[in-house]
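These are my notebook entries on a structure that I looked up piece by piece.

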Amino acid sequence: MLKTNLTHALSEKEHSEFLKNNENVMICCGRMGPMCIPVYEVMEELENEYPHVKFADMEFDIPDAKVIRNLPECRGFAGLPFVVYYKNGKVVKATSSIQSREQITNILDENFRTNGNK
Amino acid sequence: MSMQNHFDVIVIGAGAAGLTAGIYLSRAKVSSLILNEGAIGGQMVLTHEIANYPGIEKISGYELARNMKAQAQKFGCVIKSNIKITELELDGEIKRVVVNNKDVYTSHAVIIATGGKSRTVGVPGEDEFKGKGISYCATCDGDFFQDKEIIVVGGGNTALEEAVSLTKYASRVTIVHQFNHFQALEHYVLEAENNSKINFIMESKIIEFAGDKKLKRVKILHQPKQEITEMEIDGVFVFIGYVPNTEKLEGKVDLNNWKEIIVDKNMGTNVSGVFAAGDSIAKRYRQVTTAVADGTIAALSALEYVNTIKKEKVTV
């Protein structure tokens, strides 16, 4: 299990439940490495600012993480973490390697708009 | 200006130096704010395992950073991370920092602990193929290149050490280096030279990354002949050192030729009330322990400065 304060998707089943129960989902699939940790930290900060988004992580090396590793949208990715954004269960964006807070919020604002500010 | 936005000391940066300064200042009951543009921990979190931090047998850089952050917050230090500093005024008795173009913070003293970042190649295609063939971390991404052909860019200790470690995965590793000799210590060079999977392209630079959805080839300039060749490649790992994060300080504090902040033995810069610590200052050895020492000295100096200013105000 990843040592973060995020909700963990520990299995394929939990992953699909997040998608079923939440309209907007951001899942970061990685390890406790230097390119992944900054992304987890940004996600932890954004949990309060984006209450309409479900933030979760998933350990890259567990077999069930194939639900992310094998996504067509992640083909060609060769840098951790793989971050996948889902709307109504469908992938709307996927990124590879470290991303800044600004890059992440731009994706969230673009894909997970609400009637309010976000 | 609300009093909530005024602090005795503002620390810029939350790596080992900045967090240590925050611990010392807040424990001394001096109001302190740490503003950090990236993630907490700075270069510390790049280290998978730290085994030479006195008193701790071994710990991950991430955990050490988290502990330091919690310690500073426990003493009352306010930490804001992943922000963007959009204005910085260091002259004058009251220092002023604007965050995200809207929030204004002021203080009597500032400690700059902005650290450093990995140097990038800085050529077309680098941003596009980051994570899709270009990597800056062998331990993170090495296993994506099982039985693949890769390039390692650089000629220092890290480049040669990581080139050898990447031969665990890659079928072939080509080191591309801009000079005709290596800066790395001899044993790193020998180890690389004796590895049958490693070959070398010297006096050369990558000038372009290309591909479609992932990196497929690079253009390499051989500098003495000014010849450009194209090479099919699966991945490129870049290890060409670090640069100090001092772009926003140019013209505000004295920097040396390498853009490092010049400090005195008390970590004071040439500007009154402005101190600096950690990897962004001019110094030879960059370790977590030296950053912690710098941060301690800078905090104690800032503390003395703030107390003097406050006393002067009372006596005037």
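**Entry 1. The model and chain B as a whole**

I note at the outset that this is a predicted model. I began with chain B, which has 316 residues, and found that 44% of them count as buried. I then looked up its secondary structure and recorded six helices and 17 strands. For its extent, I recorded that the C-alpha atoms of chain B fill a box of roughly 75 × 40 × 35 Å along the principal axes. I also looked at contacts in chain B between residues at least 6 apart in sequence, and 62% of these join residues at least 24 apart.

**Entry 2. Two helices of chain B**

At what angle do the axes of helix 1 and helix 2 of chain B cross? Helix 1 of chain B covers residues 16-27 and helix 2 of chain B covers residues 61-74; their axes come within 8 Å and cross at roughly 25 degrees. An angle under 35 degrees counts as roughly parallel, and helix 1 and helix 2 of chain B are therefore roughly parallel to each other. I recorded the crossing of these two helices of chain B as left-handed.

I then listed the residues that make this contact. Helix 1 of chain B contributes Ala16(B), Leu19(B), Thr20(B), Gly22(B), Ile23(B) and Ser26(B), while helix 2 of chain B contributes Met68(B), Lys69(B), Gln71(B) and Ala72(B). Sorted by class, the contact has five nonpolar, four polar and one charged residues.

**Entry 3. A sheet of three strands in chain B**

I turned next to an open sheet of chain B with three strands in the order 12-13-14, and its pairing is antiparallel. Which strands stand at the edges? They are strand 12 (204-211) and strand 14 (227-232) of chain B; each has a single partner strand, so one side of each is left without a neighbour in the sheet. The twist from one strand to the next averages 25 degrees.

I examined one pair in detail. Strand 13 of chain B, residues 215-222, is joined to strand 14 of chain B by six bridges. Within this pair, I found Ile228(B) of strand 14 opposite Leu221(B).

**Entry 4. A sheet of five strands in chain B**

I also looked up an open sheet of five strands in chain B, with the order 8-15-9-10-11 and parallel pairing. Strand 8 (134-135) and strand 11 (198-201) of chain B are at its edges, and because each has a single partner strand, one side of each has no neighbour in the sheet. Four bridges join strand 9 (residues 149-153) and strand 15 (residues 235-238) of chain B, which run parallel. In this pair, Gly235(B) of strand 15 stands opposite Ile150(B). Helix 4 of chain B, residues 157-166, packs on the sheet and touches strand 9, strand 10 (172-176), strand 11 and strand 15 of chain B. Its direction makes about 165 degrees with that of strand 9 of chain B.

**Entry 5. Strand 2 of chain A**

How many residues of strand 2 of chain A are buried? I recorded seven of the seven residues, 24-30, so strand 2 of chain A is largely enclosed by the rest of the structure. In a regular strand, side chains alternate between the two faces of the sheet. Here Asn24(A), Met26(A), Cys28(A) and Gly30(A) point one way, and Val25(A), Ile27(A) and Cys29(A) point the other way.

I then looked up the partners of strand 2 of chain A. Strand 4 (residues 82-87) of chain A runs antiparallel to strand 2 and is joined to it by six bridges; Cys29(A) has Phe82(A) as its bridge partner there. Strand 3 (residues 54-59) of chain A pairs with strand 2 in the parallel sense, also over six bridges, and Ala56(A) of strand 3 stands opposite Ile27(A).

**Entry 6. Where the chains touch**

I recorded 21 residues of chain B in contact with 17 residues of chain A. Helix 3 (residues 138-141) of chain B gives the most to its side, with three residues. The residues on the side of chain B divide into eight nonpolar, eight polar and five charged.

Is Ala78(A) buried or exposed? A residue counts as buried if 20 or more other C-beta atoms lie within 10 Å of its own; Ala78(A) has 23, so it is buried. Beyond its neighbours within four places in sequence, its contacts include Ser96(A), Gly131(B), Asp141(B) and Gly235(B).

Technical notes
Residues are numbered from 1 along each chain as its sequence is written. Chains are lettered from A and ligands numbered from 1 in the order in which they are written. This is a predicted model: local features need pLDDT of at least 70, side-chain atom pairs count only at pLDDT 80 or more; totals for chains, interfaces and linings use all residues. Axes are lines fitted to C-alpha atoms, for helices over the stretch in contact, and angles run from 0 to 180 degrees between N-to-C directions. Angles under 35 degrees count as roughly parallel, over 145 as roughly antiparallel, 65 to 115 as roughly perpendicular and the rest as oblique. A crossing is left-handed if the near helix is turned anticlockwise from the far one by less than a right angle, and right-handed if clockwise. Two residues are in contact if their C-beta atoms, placed from the backbone, lie within 7 Å. Ala, Val, Leu, Ile, Met, Phe, Trp, Tyr, Cys and Pro count as nonpolar, Asp, Glu, Lys and Arg as charged, and the others, Gly among them, as polar. A residue is buried if 20 or more other C-beta atoms lie within 10 Å of its own, exposed if 12 or fewer, and partly exposed in between; C-beta atoms are placed from the backbone. Two strands pair if DSSP finds at least two bridges between them.
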